[in-house]
Amino acid sequence: MLSWDFLALQPALPEVFLALSTMALLMLGVFRGDGHTRILSWFAVLVLGLTLLLVLDGIGGTQRAFGGIFIVDAFAQYMKVLALIGSSFAVVMSLGYIEREKIARFEYPILFLFATLGMMMMISANDLIALYLGLELQSLSLYVIAAFRRDSTRSTEAGLKYFVLGALSSGMLLYGASMVYGFAGTTGFDRLAAVLDAGAAPVGLIVGLVFVVSGLAFKVAAVPFHMWTPDVYEGAPTPVTAFFAVAPKVAAMALFVRVMIDPFGALITQWQQIIVFISIASMVLAAFAAIDQRNIKRLMAYSSIGHVGYMLIGLAVGTEEGISGLIIYLTIYVFMNVGTFACILCMRSHGRMVEGIDDLAGLGRTNAPMAAVLTAFMFSMTGIPPVAGFFGKFFIFRAAINAEMYTLAVIGVLSSVVAAFYYLRIVKVMYFDEPAERFDRPIGREMSLILVGTGLFIVFFFPFISPLLTGAGVAARSLFVG
Amino acid sequence: MIVQALAFYMFATVAIAAGVMVISARNPVHSVLFLIAAFFNAAGLFVLMGAEFLAMILVIVYVGAVAVLFLFVVMMLDINFVEMRQGFLQYLPIGGLIGVILLIELLFVFAGWTVTPDAGNVAALPMFDLSEVSNTRALGRLLYTKYIYLFQAAGLVLLVAMIGAIVLTLRPRKGVRRQKVPDQVRRTRAESVEIKKVETGKGI
C-alpha cells in the first residue's frame, strides 16, 4: 500500500530550499537579535538569488510532484523568476529605510522570505487546496508586514484593513472552491479539466467559479474588489508598498491565469464576460479616480489597479497570444514599479519621508538625474514609445484586436489617454513648477544602482524585446499544452 | 441495531438542541457551555460512524482548547451583550429578506443539482480498508504521504502566524530581573555559605 513516490521532491527543490533556508535564517535571527538585521537581509537576498538559480536550473518540460498537487512548467518558471526578482529588489530597497525609521527587526526579511515562498507555492499550485494554502501563506505574511510599523496608527490600520478584507476574500474563494469540489468531485486541476472537457458544467459549478474569480480578483486588486488598495498602499511602510505593488501581483496574476486557463479552460464562454467586465471597470475607474490624488503612494495604488485592468485584457482574450502579452506586460510592470518606488523612497527631506506630489516640484532643477529617471518611468507607465511601457500595451492590444475584441482594445486605449494626464502631471510638476525643498542626499549606493538599472531597462528596451517575446511565448504555450 | 439508532437520535437531537441554545441563550457563558455540549454530541456521532480518531480530536481540540479559550474571552472581555442586541428588531426585516433570498437561491442550486457525469469515476477516494488498519493509522498514512505537501504548507502557515503574533505584540521590557540558570548552577558552596562557630551563651 505504501509507495515512496511522494518523496520525489525534485520539481519542488527551489521551494524546499527556500523554506529550509528561511527557517535557518529565522533561527539565526532569534539567537543573534535585531542588531543583525542588515546582514540577515543580505542573507535573504542571497537565498532568493540561489532559489532563482535553482528555478532556472529546473528540468525542462512540465513536471508534477506530490501526486499532481504541484506543477512546474515554463509558465511557473517564468513567473517564479519574476516574483523572486521583485522580492529581492524589495528587500534591498528596505535596507536603509527600516534602519532610519527604527523598525529594523530581524523578522522583517524573514517575513519577506515566507511571503515569497507562498508566492512560489501559488504559482506552482495544481490543486485547489494547494492554491489556498499558498495564498494564505503569502497573505498572512503580507498582513503582518503591512502592520510592521506597529507604533504608527496608519500602518496598523493598513494591516488590520488588509487582514479583515483579505479574510473575507479568502472566505469567498473557499466557498467557491467547496462548490466546485461538490459538483465536480475533485480539487485537482488536471482532473477538473478532464471532468469539464467531458461534459456540460452544472449551474452550481459555475456559481462556484464566480466565487473563485471574485476571490482572485480581490488578490490582484481589480475593480470592484479594489477598495482596500489605496488605503493599504498609503498606510504601509513605503518599501512594503513597493513589495505589495510588485511581487504579490505577479503571483496572484499567475494564479489567476493558471486557474482560468488550466482547469476552467473549457468554461471560457462563462468566465470571459466576467473578466471583460473586471478589466474594463479597472481601467476606467483607475484612470478617473487617480486624477484627484495628491499622495503619490495612493496614486501608485490606483495606477496598479489600472495596470491590472490592462493585463486582464490578455486573460480575457484567452488565447496563447493574449497570455503571452500579459506576461510581457507583467515583466515590464515589475521593473517600472520597482524603479518608481525607488524614487519615492528617495523622497526625504530633513530626514522625514514626504509623499505629496507637490513635494516633487522643481526636482528637474534640484536633482536632475532623479527627475530624468522618474520621467522615464512616468512615460513608460503612460505607454509612450519608445520606452518599455509602450510595448507592454502594444502586445496586449494587438492580442485583443486579433481576437476581434475591439471594444476592449478601444476602451483600453481611451482610458490610457485619461491616465496620461496624471502621469504627465508629475513630469510637469518636476520640470515647470517652482522648486520646493530639496531632498536629502546621498540616497545610498543600493538605491542608485536600482534606479540606474531599472531606468536603463525601461529606456533602452529594444534589445530585450525578442528574448522576452520568446520567453513569454514558451511560458504561454506550456499552459495550453497542459 | 436498535441501540445504534437510539444512540444516533439521542446524539443528534441533543446536538441540535444545544446548537439552538448557543444562539438563543441570554448569558454568553451559557452559550459557550451549550457549545461544548454540542461538540460532545458531535463526537458521539463520529464514534457511531466508526471515526473514533476524529471523535477524540474533536473532544481534545475543540472542547479542551477552543471552547475553553472562548470561555476565557467571554469572561475577560467586558462586552455588554444587551447593548449589542439592541437594534436587533430594527434590522430584522432587511436581515430576514436577505435570508429568504439566500434560501431561494440555495433551493435553486439544489434543484439543479446535477453532478458532472464523470465525477463518480474521478472521485475515487484514496481510502484504506478500515478492517485492516485502525482509524488513526489510515489518516496518518494519507496525511504523511499523499498530502505531505499540504501538511507541511499548513505547518508553515502556522509558523508565520506565530511569528506575526510575536512581531506585532511582543515588547521587550527593560529592567526585568530574569532568572539566570547558568549563574545559579555555577555557584559553589564556598561562595554562598559561611560557617560561623557560635560559642554558647555569647552571641556573635
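**Interface between chains A and B**

Across the interface of chain B and chain A, four residue pairs are found in polar contact, both residues being at pLDDT 80 or more, where a polar contact is a pair of N or O atoms within 3.5 Å, one of which, within protein, must be able to donate a hydrogen and the other to accept it, residues adjacent in sequence counting only if both atoms are side-chain atoms. The side of chain B that touches chain A draws two or more residues from each of helix H6 (119-122), helix H7 (135-146) and helix H8 (148-169) of chain B, helices being DSSP runs (H or I) of at least four residues, numbered from the N terminus. H8(B) gives the most to this side, with 16 residues.

The model is predicted, so that local features need pLDDT of at least 70 and side-chain atom pairs count only at pLDDT 80 or more, whereas totals for chains, interfaces and linings use all residues. Residues are numbered from 1 along each chain as its sequence is written, chains are lettered from A in the order in which they are written, and side-chain values use heavy atoms, with hydrogens and water left out.

In total, 32 residues of chain B are in contact with 38 residues of chain A, contact meaning heavy atoms within 4.5 Å. The area buried between the two chains (accessible area, 1.4 Å probe, lost on putting the two parts together and summed over both) is about 3300 Å², of which carbon and sulfur atoms give 77%. One salt bridge is counted between chain B and chain A, a side-chain nitrogen of Lys or Arg lying within 4 Å of a carboxyl oxygen of Asp or Glu; the side chains of B:Arg171 and A:Asp151 meet in a salt bridge at 3.2 Å, N to O.
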